[in-house]
Amino acid sequence: MLHVAARLVGIAFVALISLATSNGHASDDHIANARAAFVAVWPEALEGRWPLDAKQRQLLKDYPLWPDLRAAYFSARLADTDPEALEAFMAKYDDLAPIRRLRYRYAEYLARTRQWSAYMANYQQHYKNTALDRLDCHALNATRAGDNGLDAPAIHELTQRLWRVPHSQDDACDATFAEFLKQGRIDSDDVRARLELAVDARNFGLAGYLAGMLDQSTRDAVSRWRDVANNPKRVLQQAAARASEKHSAEHLLYAANRLAIRDAPATADLWRSV
């Protein structure tokens with residue numbers, strides 16, 4: 001899928017350049033030949049091959065899509081590309097979108113291969129304080145592996161930001177969260193704070209998972225919320241018949257909203273009796 005998308009991007013690039021050069025501003029044979037050379041070698045670059053002969057290289061070295069071509073090649077060859085050459089290339093064209101995508105992919109590669117020192121150098125320079133959760137998770141993984149690129153306050157702040165969200169976090173955080181929970185670096189107050197966020201967001205799957213780490217009363221409270229979410233009509237019927245008092249006004253309002261999506265007339269009838 002990535003290769004297909006990249007090919008489509010390449011075709012779009014070629015179309016744009018064709019449009020730009022068809023208005024007479026740059027209509028010489030050099031541009032036409034460069035465009036043809038780019039089309040010929042783009043699929044090869046996507047596969048990590050660099051088949052340019054001397055003539056093609058001469059044609060393309062000043063071509064507007066030269067950085068895109070090199071970025072495609074580097075992306076396919078991260079495992080055997082000289083890091084210094086790669087960094088020099090990315091630094092030269094750092095403001096271009098293809099190079100930003102390449103740098104992100106390179107960061108992912110460094111994390112996947114556990115090259116933590118190189119990862120943290122890249123992270124500190126380009127991604128620290130950018131709130132990219134997956135890369136922040138990798139930074140915590142680097143600290144667990146022994147890299148000292150983050151001090152204790154920074155680790156705590158980053159952990160809190162990544163943990164206190166009302167949704168499942170990127171799976172790159174799973175191992176760090178598990179270890180920090182075991183160590184008490186994520187404590188019961190943190191768990192309860194995230195649970196409250198999950199309930200407010202009506203994410204009862206996550207809330208149930210978090211409640212499992214807490215006391216029985218908290219588990220019961222989340223269970224009631226899940227009952228409302230799964231059985232809104234029954235909850236409203238019980239309230240209308242005064243058959244149950246275990247659900248709060250907030251529960252009943254949420255049940256009404258849930259049921260109204262499926263059956264507005266029934267909701268209206270029940271709500272008048274609640």
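What share of the contacts with a separation of 6 or more in the protein chain comes from residues 24 or more positions apart? I looked that up first, keeping in mind that this is a predicted model. The share is 53%.

**Overall make-up.** Next I went through the secondary structure of the protein chain and got 16 helices and 0 strands. I also checked burial: of the 274 residues in the chain, 41% are buried.

**The core.** Then I looked for the largest nonpolar core, and it holds 74 residues. I noted the ones with the most contacts inside this core: Leu60, Leu69, Phe89, Leu102, Tyr119 and Tyr123. Leaving out residues up to four places away in sequence, Tyr123 touches Lys128, Leu135, Asp136, Ala139 and Leu158.

**A helix pair.** I turned to H9, which runs over residues 152–163, and H10, which covers residues 174–183. How far apart are the axes of H9 and H10, and at what angle do these helices pack? I found 12 Å between the axes and an angle of about 110°. Angles of 65 to 115 degrees count as roughly perpendicular, so that is how H9 and H10 lie to each other. I wrote down the crossing of the two as left-handed.

Which residues meet where H9 and H10 touch? From H9 I listed Ile155, Thr159, Leu162 and Trp163, and on the H10 side they meet Phe177, Phe180 and Leu181. Sorted by class, this contact has 6 nonpolar residues, 1 polar one and no charged ones.

Note on methods. Residues are numbered from 1 along each chain as its sequence is written. This is a predicted model: local features need pLDDT of at least 70, side-chain atom pairs count only at pLDDT 80 or more; totals for chains, interfaces and linings use all residues. Side-chain values use heavy atoms; hydrogens and water are left out. A nonpolar core is a set of buried Ala, Val, Leu, Ile, Met, Phe, Trp, Tyr and Cys residues joined through side-chain atoms within 4.5 Å. Buried means under 20% relative accessible area, exposed over 50%, partly exposed in between (1.4 Å probe, protein chains only). Contact means heavy atoms within 4.5 Å. Axes are lines fitted to C-alpha atoms, for helices over the stretch in contact, and angles run from 0 to 180 degrees between N-to-C directions. Helices (H or I, at least four residues) and strands (E, at least two) are DSSP runs, numbered from the N terminus. Angles under 35 degrees count as roughly parallel, over 145 as roughly antiparallel, 65 to 115 as roughly perpendicular and the rest as oblique. A crossing is left-handed if the near helix is turned anticlockwise from the far one by less than a right angle, and right-handed if clockwise. Ala, Val, Leu, Ile, Met, Phe, Trp, Tyr, Cys and Pro count as nonpolar, Asp, Glu, Lys and Arg as charged, and the others, Gly among them, as polar.
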